[in-house]
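Keep it short and tie each point to the residues.

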Amino acid sequence: NGLAGNDTARGSESILATLGSAIGLTVSAQNTVIDGIALTGSQTGVYLDASASNTTIKNSKLFGLSGTGVSIDGASDTKITNNSFNLMQNGVYGIS
């Protein structure tokens with residue numbers, strides 16, 4: 001599961017269930033908006049790699065993950081607003 005440049009992932013409380021996956025959604029592009037999704041079941045919810053820039057994650061719910069909600073690995077200009085992190089098992093982080 002990934003997004004290309006200038007993409008928007010929008011949902012209206014639709015649940016993206018990524019049961020057993022290491023990463024629910026990978027962002028490797030510029031100018032990406034993730035708006036209004038609910039994501040559950042993976043280890044990491046959203047992973048932003050070093051190629052990602054100007055990414056916005058907003059109005060979304062991340063829950064039932066066994067690892068980190070949003071993992072930022074070298075991405076730049078990331079905006080995370082108005083999200084719900086009701087999730088992390090084993091005491092891990094909402095955002096790292």
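This is a predicted model: local features need pLDDT of at least 70, side-chain atom pairs count only at pLDDT 80 or more; totals for chains, interfaces and linings use all residues.

Residues are numbered from 1 along each chain as its sequence is written, and side-chain values use heavy atoms, with hydrogens and water left out.

**Confidence.** The pLDDT score is the predictor's confidence in each residue, from 0 to 100. Its mean over the protein chain is 82. A value of 70 or more is reached by 78% of the residues. Confidence is lowest in strand S1 (residues 2-3), with a mean of 53. It is highest in strand S11 (residues 76-81), at 95. Strands here are DSSP runs (E, at least two residues), numbered from the N terminus.

The table sets them side by side. Exposure follows relative accessible area: buried is under 20%, exposed is over 50%, and partly exposed is in between (1.4 Å probe, protein chains only).

**A glycine in a loop.** Glycine 20 is in the loop between strand S3 (15-17) and strand S4 (23-27). Glycine 20 counts as exposed because its relative accessibility is 75%. Along the chain, glycine 20 and glutamine 43 are 23 residues apart. Their C-alpha atoms are separated by 7.4 Å.

**The core.** A nonpolar core is a set of buried Ala, Val, Leu, Ile, Met, Phe, Trp, Tyr and Cys residues joined through side-chain atoms within 4.5 Å. The largest one has 13 residues. Ile34, Val46 and Leu48 touch the most other members. S4 and strand S7 (44-48) each supply at least two residues of this core.

Contact means heavy atoms within 4.5 Å. Which residues does valine 46 touch, not counting residues up to four places away in sequence? They are Leu25, Val27, Ile34, Ile57, Leu62, Gly69, Val70 and Ser71.

**A buried serine.** Serine 53 lies in strand S8. Serine 53 is buried because its relative accessible area is 15%. Leaving out residues up to four places away in sequence, serine 53 touches Ala29, Gln30, Asn31 and Ser76.

Note on methods
Helices (H or I, at least four residues) and strands (E, at least two) are DSSP runs, numbered from the N terminus.
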